[in-house]
Amino acid sequence: MATKFSLNPLILKNIPLFSSFSDAQLNSLLNYAQFRKYPRGTYIVRAGEETDALYIILSGRVKVLIPNEEGREVILTAMGPNEFFGEMGMLDDQPRSASVEAIEPCEMLRISKAGFMDTLRNNFDAAMLIIRNLVKHLREADRKIESLALVDVSGRVARLLMEMAEEIDGKWIVQRAPPKQEIARMIGASREMVSRVVKDLQRRGFIEAEGRRIIVLDRQTMMRRTPSH
């Protein structure tokens with residue numbers, strides 16, 4: 001749902017992609033910007049569509065997914081505030097390679113293709129941030145391929161939990177883990193197998209689960225189960 005974008009342009013400085021912009025550049029960017037809201041479960045973009053805009057997440061979370069050969073969706077990654085998507089297709093003029101679905105109510109900034117290209121031409125720092133974001137996605141793809149080829153399901157679950165955990169008061173905590181079905185789609189396994197692995201990690205004292213909140217009790221052992229560490 002599009003609404004008139006009326007934010008003070010200085011507020012855009014809180015978005016890392018635009019933090020180095022001058023006031024004049026920020027004001028110019030607003031000519032290309034739309035503020036949009038998406039309810040939970042809404043598809044923001046779909047694979048195969050023309051790539052015509054960059055999306056920057058202001059609040060909420062999304063998942064990036066593609067259909068597999070059986071017609072089921074495989075989750076590539078989840079994204080949250082200040083992250084962005086859509087840059088790849090605008091650089092190579094190809095259709096969108098993946099779909100993006102809101103997993104929480106989201107507020108986003110939509111920057112048209114003209115605004116995106118203007119950003120690349122006129123701000124080196126923003127261009128470098130976009131390049132670093134592309135490199136990050138490539139590294140994530142490498143890790144996913146490695147996991148599917150070399151790491152068992154238990155190791156994949158451990159790796160995912162460690163990637164999602166954040167340090168809070170000296171503890172490593174996943175504040176809101178995805179449902180087991182989504183974890184299965186993220187690591188290429190069945191829901192039943194993921195449930196067994198999570199129960200096994202709890203039984204062995206590596207994690208403690210409180211609903212969707214997971215506390216990593218033995219970080220050292222969990223990291224040993226993830227070869228990239």
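Because the model is predicted, local features need pLDDT of at least 70 and side-chain atom pairs count only at pLDDT 80 or more, while totals for chains, interfaces and linings use all residues. Residues are numbered from 1 along each chain as its sequence is written, and side-chain values use heavy atoms, with hydrogens and water left out.

The chain holds 8 helices and 13 strands; these are DSSP runs numbered from the N terminus, H or I of at least four residues for helices and E of at least two for strands. Of its 229 residues, 41% are buried, where buried means under 20% relative accessible area, exposed over 50% and partly exposed in between, with a 1.4 Å probe and protein chains only. The accessible surface is about 12400 Å², and carbon and sulfur atoms account for 51% of that surface; the areas come from the Shrake-Rupley method with a 1.4 Å probe, and for residues only the protein chains shown count as cover. Contacts (heavy atoms within 4.5 Å) between residues at least 6 apart in sequence join residues at least 24 apart in 68% of cases.

Helix α3 covers residues 113-122, and Gly115, Phe116 and Thr119 are buried in this helix. Seen down the axis of α3, the buried residues fall within an arc of 105 degrees, so they line one face of the helix; the arc is taken over the directions from the helix axis to the C-beta atoms. Thr119, in α3, counts as buried at 7% relative accessibility. Leaving aside residues up to four places away in sequence, Thr119 touches Phe21, Leu29 and Ala126. The C-alpha atoms of Thr119 and Gln25 are 8.6 Å apart, with a separation of 94 residues in sequence.

Two packed helices are described by the angle between their axes and the distance between the axes. Here the axes are lines fitted to C-alpha atoms, for helices over the stretch in contact, and angles run from 0 to 180 degrees between N-to-C directions. Angles under 35 degrees count as roughly parallel, over 145 as roughly antiparallel, 65 to 115 as roughly perpendicular and the rest as oblique. For the residue classes, Ala, Val, Leu, Ile, Met, Phe, Trp, Tyr, Cys and Pro count as nonpolar, Asp, Glu, Lys and Arg as charged, and the others, Gly among them, as polar.

Helix α6 (residues 180-187) packs on helix α7 (residues 191-203) at an angle of about 105 degrees, with the axes 8 Å apart. The two helices are therefore roughly perpendicular to each other. On the α6 side the contact is made by Lys180, Gln181, Ile183, Ala184 and Ile187, and on the α7 side by Arg191, Val194, Ser195 and Val198. By class, the residues of this contact are 5 nonpolar, 2 polar and 2 charged.

Helix α5 (residues 153-164) also packs on α7, at an angle of about 70 degrees and with the axes 10 Å apart. That makes α5 roughly perpendicular to α7. Val153, Ser154, Val157 and Leu161 of α5 meet Met193, Val197, Val198 and Leu201 of α7. This contact has 7 nonpolar residues, 1 polar and no charged. Met193 of α7 is partly exposed, with a relative accessible area of 30%. Met193 and Lys180 are 13 residues apart in sequence, and their C-alpha atoms are 9.4 Å apart.

The axes of α5 and α6 come within 10 Å and cross at roughly 110 degrees, and the two helices are therefore roughly perpendicular to each other. Val153, Arg156, Val157 and Leu160 of α5 make the contact with Ile183, Met186 and Ile187 of α6. The classes are 6 nonpolar, no polar and 1 charged.

Helix α6 is mostly covered, with 6 of its 8 residues buried: Glu182, Ile183, Ala184, Arg185, Met186 and Ile187. Just after α6, Gly188 takes a positive phi of about 75 degrees.

Two residues other than glycine also have a positive phi. Asp93, with a phi of about 55 degrees, lies in the loop between α2 (87-92) and β8 (99-102). Asp93 is exposed, with a relative accessible area of 54%. Asp169, with phi near 50 degrees, is in the loop between β10 (166-168) and β11 (171-174). Asp169 is exposed as well, at a relative accessible area of 78%.
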